[in-house]
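Good morning, colleagues. Please bring up the sequence and the structure so that we can go through the helix packing together.

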Amino acid sequence: MNENTTIITFFLTSAVVGSLVTSVANIIITIFNNHRLKSIEKEKQKNDLITYRYKCLYNMLLKWHEYDTPFDKDKDPLQIAKDRVCNGFFDNHRRFQIISPLMDEKYKETVNKLNKEGEKLLSELFKVEFELDKNFDAELSQKHEKLFKKFIDIASNYAIEIEKVTHMQLEELLKEINA
């Protein structure tokens, strides 16, 4: 009986050691899988955010003209054109305010610079117009014309730059999605 007890003890000890080794292996595998699962979840969240940014920017491009300020069709065509230019700057500013949180910082720099230049010119333009309304002066009128031409250039560059950086950001996001 002593031999039987030793054999049974040996098998029971082997079973306990085997269970212990299996448990340790299962714990290690669980920790490894948990780490991989967290990594996959982070990657999924990143991809979801990239997809969201892409969809919002793309929808903005599709609905680009919905943000244009409506104009009075009964006005003189020259006045409509002037209003469209001035309002176009504000329309583009509004567009950029909407898409700006979705853009990378590297794309915002040039647009923000053009925006500040446009706002500064617009402020100067309003001051000159206010002075012209008080009393007409040929020199002031020329200054107004020069400022307005400069503003038109800045406003059109501003619009072009916003659209350009939006396209660039979309291309970059598309590459990230497909990577």
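H144 touches K82, L125, V128, E129 and L132, leaving aside residues up to four places away in sequence; contact here means heavy atoms within 4.5 Å. H144 is found in helix α4, where helices are DSSP runs (H or I, at least four residues) numbered from the N terminus. H144 is buried, with a relative accessible area of 12%; buried means under 20% relative accessible area, calculated with a 1.4 Å probe on protein chains only.

A word on the source: this is a predicted model, in which local features need pLDDT of at least 70 and side-chain atom pairs count only at pLDDT 80 or more, while totals for chains, interfaces and linings use all residues. Residues are numbered from 1 along each chain as its sequence is written, and side-chain values use heavy atoms, with hydrogens and water left out.

I turn to the pairing of α2 and α4. Their axes come within 10 Å and cross at roughly 35°; axes are lines fitted to C-alpha atoms, for helices over the stretch in contact, and angles run from 0 to 180 degrees between N-to-C directions. The crossing of α2 and α4 is left-handed, that is, the near helix is turned anticlockwise from the far one by less than a right angle. On the α2 side the contact includes K82, F89, N92 and I99, and on the α4 side it includes H144, F151, Y158 and I162. By class, the residues of this contact divide into 12 nonpolar, four polar and one charged. For that count, Ala, Val, Leu, Ile, Met, Phe, Trp, Tyr, Cys and Pro are nonpolar, Asp, Glu, Lys and Arg are charged, and the others, Gly among them, are polar.

E172 is buried, with a relative accessible area of 19%, and its side chain makes a polar contact with the side chain of Y107 at 2.6 Å.

Next, the pairing of α1 and α4. The axes of α1 (residues 2-62) and α4 (residues 138-178) come within 9 Å and cross at roughly 145°, and the crossing is left-handed. The contact residues include Y54, L57 and L61 of α1 and T166, L170 and L173 of α4.

Finally, the core. Which residues of the largest nonpolar core touch the most other members? Of its 30 residues, they are L57, I99, F151, Y158 and I162. A nonpolar core is a set of buried Ala, Val, Leu, Ile, Met, Phe, Trp, Tyr and Cys residues joined through side-chain atoms within 4.5 Å. The elements that give two or more residues to this core are α1, α2 (77-99), α3 (105-134) and α4, and the largest share, 11 residues, comes from α4. L57 touches I99, L102, M103, T166, Q169, L170 and L173, with residues up to four places away in sequence not counted.

Note on methods
Buried means under 20% relative accessible area, exposed over 50%, partly exposed in between (1.4 Å probe, protein chains only). A polar contact is a pair of N or O atoms within 3.5 Å; within protein, one must be able to donate a hydrogen and the other to accept it, and residues adjacent in sequence count only if both atoms are side-chain atoms.
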